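Please consult the sequence and the structure while reading the points below.

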Amino acid sequence: MAKKELIYKICNETYHMIKIIESCETSEQINNANRLACSLVDKWYNLEEKFSLSYGASVLLYIDSAANDMTKFIEEAKKKINKSTK
């Protein structure tokens with residue numbers, strides 16, 4: 001997989017994961033989305049490690065950014081759900 005293809009894949013999967021997170025309406029859905037997000041990040045790190053010599057640090061920046069974005073959206077979704085259940 002070329003570097004640009006991996007970066008595109010990370011961005012695309014992050015976008016779709018954020019849409020899933022935004023659609024969550026229960027704590028259980030958030031927990032499931034969180035597990036899925038974690039598995040995506042693990043997959044990306046494994047791909048980066050496999051091809052690290054040719055990819056360089058720039059791919060790590062995209063992975064870290066995507067992970068941070070998903071974490072932020074998960075936290076916001078948890079707050080939204082907690083407000084709606086009170």
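T14 has its place in helix α1, where helices (H or I, at least four residues) and strands (E, at least two) are DSSP runs numbered from the N terminus. The model is a predicted one, in which local features need pLDDT of at least 70, side-chain atom pairs count only at pLDDT 80 or more, and totals for chains, interfaces and linings use all residues. Residues are numbered from 1 along each chain as its sequence is written, and side-chain values use heavy atoms, with hydrogens and water left out.

**The chain as a whole**

- The secondary structure amounts to 4 helices and 0 strands, and the pattern read along the sequence is α-α-α-α.
- Along the principal axes, the C-alpha atoms of the chain fill a box of roughly 50 × 15 × 15 Å.
- The chain has 86 residues, of which 30% count as buried; buried means under 20% relative accessible area, exposed means over 50%, and partly exposed lies in between (1.4 Å probe, protein chains only).
- Contact means heavy atoms within 4.5 Å. Among contacts between residues at least 6 apart in sequence, 69% join residues at least 24 apart.
- The chain carries 13 positive and 12 negative charges, whose mean positions are 3 Å apart. Lys and Arg count as positive and Asp and Glu as negative, while His and the chain ends are not counted. Each charge is placed at NZ of Lys, CZ of Arg, CG of Asp or CD of Glu.

- Helix α2 covers residues 27-50, and its 24 residues reach 35 Å from first C-alpha to last, close to the 34 Å expected at 1.5 Å a residue. The expected span is 1.5 Å times one less than the number of residues in the helix.
- The buried residues in α2 are I30, A33, A37, L40, V41, W44 and E48.
- Helix α4 has 29 residues and reaches 42 Å from its first C-alpha to its last, close to the 42 Å expected at 1.5 Å a residue.
- In α4, V59, I63, A66, A67, M70, F73, I74, A77 and I81 are buried.
- An α-helix has 3.6 residues a turn, so residues three or four places apart point the same way.

- T14 is buried because its relative accessible area is 7%.
- Not counting residues up to four places away in sequence, T14 touches W44, A66 and M70.
- T14 and I63 are 49 residues apart along the chain, and their C-alpha atoms are separated by 9.4 Å.
- E13 lies in helix α1, which covers residues 3-23, and E13 is buried because its relative accessible area is 17%.
- The side chains of E13 and K43 are joined by a polar contact of 3.0 Å. A polar contact is a pair of N or O atoms within 3.5 Å; within protein, one must be able to donate a hydrogen and the other to accept it, and residues adjacent in sequence count only if both atoms are side-chain atoms.
- E13 is in contact with L40, K43 and W44, leaving aside its neighbours within four places in sequence.

**I30 and I74**

- I30 lies in helix α2 and counts as buried because its relative accessibility is 2%.
- Leaving aside neighbours within four places in sequence, the contacts of I30 are I21, C24, I74, A77, K78 and I81.
- From C-alpha to C-alpha, I30 and A77 are 7.3 Å apart in space, although 47 residues apart in sequence.
- I74 lies in helix α4, residues 57-85, and counts as buried because its relative accessibility is 4%.
- I74 touches I21, I30, N34 and A37, not counting residues up to four places away in sequence.
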